[in-house]
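We will go from stop to stop, selecting as we go.

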Amino acid sequence: MLNTTSRECKSLTEMTSELNLKQIIESPTRITDISQSLIDVILVSSPNTVRDSGVLNCTISDHLPVYVTLKLKPTKPPPIHITVRSYRNYDPELFATDLASKSERLLSVFSVNDINEKLKIFNDVLQTDSHAPIKTLKVRDRPCPFVTPEIKELMDKRDRLHGLFLKTRNHSDWCNFKAARNAVKTELIKAQRNHVYNEVMKHKNNTGSLWKIIKDTVAYKEKETVVYSKDPKIVAEEFNHFFSSVGENTAIAASQLLQDYNIYPDTPPTAAFNRNYPVYESEMFNFDPVSCSEVKNIIMSMPTNKAPGKDKVSMRIIKDCLPVILGPLTDIINASLTSSEFPQSWKEAEVIPLIKEGDHDYHPTIVPFPYL
């Protein structure tokens with residue numbers, strides 16, 4: 001297929017000879033009704049590592065794609081799984097009714113003094129496994145929801161016509177194939193445009209959903225696989241130890257500052273800072289108890305499309321049962337403020353590392369993003 005008399009072919013041959021390369025594509029890569037040519041090549045330095053090579057009969061472009069299979073054993077990446085709640089059989093009214101039937105247990109939160117015990121009772125009652133069970137799903141490739149069965153039939157017809165042309169090399173078969181190929185492209189563009197328009201109109205009042213639609217529509221780069229110099233499990237343990245000890249290290253540093261400046265927690269502010277004026281109790285910082293209406297307004301203003309925490313209870317579920325849980329939840333918040341104690345289970349979170357530029361094994365180049 002290569003024109004050995006052309007200047008370009010001679011230059012390619014000389015280059016492959018000087019670099020000890022071999023061109024392994026032997027079939028034409030562009031075929032029309034009047035011509036065929038080999039203009040797409042693959043150069044290899046070790047032909048013995050080539051398992052298979054050739055040209056794919058594809059209808060996407062006039063240039064047929066070339067391929068090569070090497071005798072390598074790359075590490076297959078493990079499948080990605082996510083844990084979510086299934087809302088297939090979820091009924092908000094039935095869920096709220098079920099919680100109301102457990103009101104006696106829920107009201108016992110008011111009679112308990114320990115903040116962790118209060119939250120344990122609250123979480124036990126709020127279990128949603130029977131209404132929205134937790135499932136582990138495998139993450140699949142990017143879907144194309146706008147590809148309808150009718151479009152798939154057009155694609156099959158296009159491929160059949162292309163196969164017929166490759167056998168007959170007839171001009172009329174080539175024209176039929178081109179018409180079918182253009183019809184598929186037109187229908188795909190029209191279907192995607194209608195799908196995006198319907199999704200935008202459906203979520204026009206939800207900014208987060210609109211950005212997700214835009215992200216799924218436009219072309220995007222594939223994420224590069226992060227390579228670590230150590231075992232990823234060891235890196236994960238070091239990452240967890242570094243960020244889980246931030247609070248402890250900060251407390252130690254704060255204690256050292258108190259000692260350096262001779263400031264003690266029990267020392268009145270006037271003595272610690274040598275102030276010449278009294279500090280009145282009204283000027284001291286205090287937490288005021290929150291009301292049920294304040295908690296309700298905050299929860300109802302929260303978006304429902306954000307990722308849930310470790311228990312996978314989304315804001316959607318909280319809003320559905322808010323009339324039932326509002327009183328006990330407000331009591332837990334106030335108990336935390338008055339006792340100066342944060343519930344232990346609320347300190348647990350799923351942390352996703354966001355990699356920044358730099359050394360990926362160096363902890364400060366990683367931003368922890370927690371789902372509380």
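What follows is a short tour, from the whole chain down to single residues.

**The whole chain**

Start with everything shown as a cartoon. This is a predicted model. Colour by secondary structure: there are 13 helices and 10 strands. The protein has 372 residues, and 22% of them are buried. Now think about contacts between residues at least 6 apart in sequence: 61% of them join residues at least 24 apart.

**Helix α13**

Select residues 322-339, which form helix α13. How far apart are its end C-alpha atoms? They are 24 Å apart. At 1.5 Å a residue, the 18 residues should span 26 Å, so the two values agree.

Next, centre on Pro328. Here α13 has a kink of about 30°. Pro328 is also one of the buried residues of this helix. Others to pick out include Leu322, Ile325, Leu326, Leu329 and Ile332.

Which helices do the buried residues of α13 pack against? Show α2 (92-100), α3 (103-107), α4 (115-125), α11 (292-300) and α12 (315-320).

Then step just past the end of α13. Ser340 takes a positive phi there, about 55°.

**The largest nonpolar core**

The largest nonpolar core holds 26 residues. Select Phe95, Leu99, Phe122, Leu126, Ile299, Ile318 and Ile325; these touch the most other members. At least two residues of this core come from each of α2, α4, α11, α12 and α13. The largest share is that of α13, with six residues.

Zoom in on Ile318. Setting aside neighbours within four places in sequence, Ile318 is in contact with Leu126, Ile299, Val313 and Ile325. A second, separate core has 14 residues, including Ile31, Val44, Val50 and Val55.

**Lys319, a buried charge**

Move along to Lys319, in helix α12. Lys319 is buried, yet it has no salt bridge. Which side chain of opposite charge is nearest to Lys319? That is Asp320, 8.8 Å away. Not counting residues up to four places away in sequence, Lys319 touches Ile299, Met300, Met302 and Thr304.

**Two loop residues with positive phi**

Select Lys312, in the loop between α11 and α12. Its phi is positive, about 65°, although Lys312 is not a glycine. Is Lys312 buried or exposed? Its relative accessibility is 11%, so Lys312 counts as buried, the cut-off being under 20%.

Now go to Arg169, in the loop between α5 and α6 (171-202). Arg169 also has a positive phi, near 55°, and is a residue other than glycine. Its relative accessible area is 39%, so Arg169 is partly exposed.

**Last stop: Lys152**

Finish in helix α5 (residues 149-168), where Lys152 lies. Lys152 has a relative accessible area of 48%. Lys152 and Val184 are 32 residues apart along the chain, and their C-alpha atoms are separated by 8.8 Å.

Definitions and conventions. Residues are numbered from 1 along each chain as its sequence is written. This is a predicted model: local features need pLDDT of at least 70, side-chain atom pairs count only at pLDDT 80 or more; totals for chains, interfaces and linings use all residues. Side-chain values use heavy atoms; hydrogens and water are left out. Helices (H or I, at least four residues) and strands (E, at least two) are DSSP runs, numbered from the N terminus. The expected span of a helix is 1.5 Å times one less than its number of residues. The bend at a residue is the angle between axes fitted to the seven residues ending there and the seven starting there. Buried means under 20% relative accessible area, exposed over 50%, partly exposed in between (1.4 Å probe, protein chains only). Contact means heavy atoms within 4.5 Å. Lys and Arg count as positive and Asp and Glu as negative; His and the chain ends are not counted. A salt bridge is a side-chain nitrogen of Lys or Arg within 4 Å of a carboxyl oxygen of Asp or Glu. A nonpolar core is a set of buried Ala, Val, Leu, Ile, Met, Phe, Trp, Tyr and Cys residues joined through side-chain atoms within 4.5 Å.
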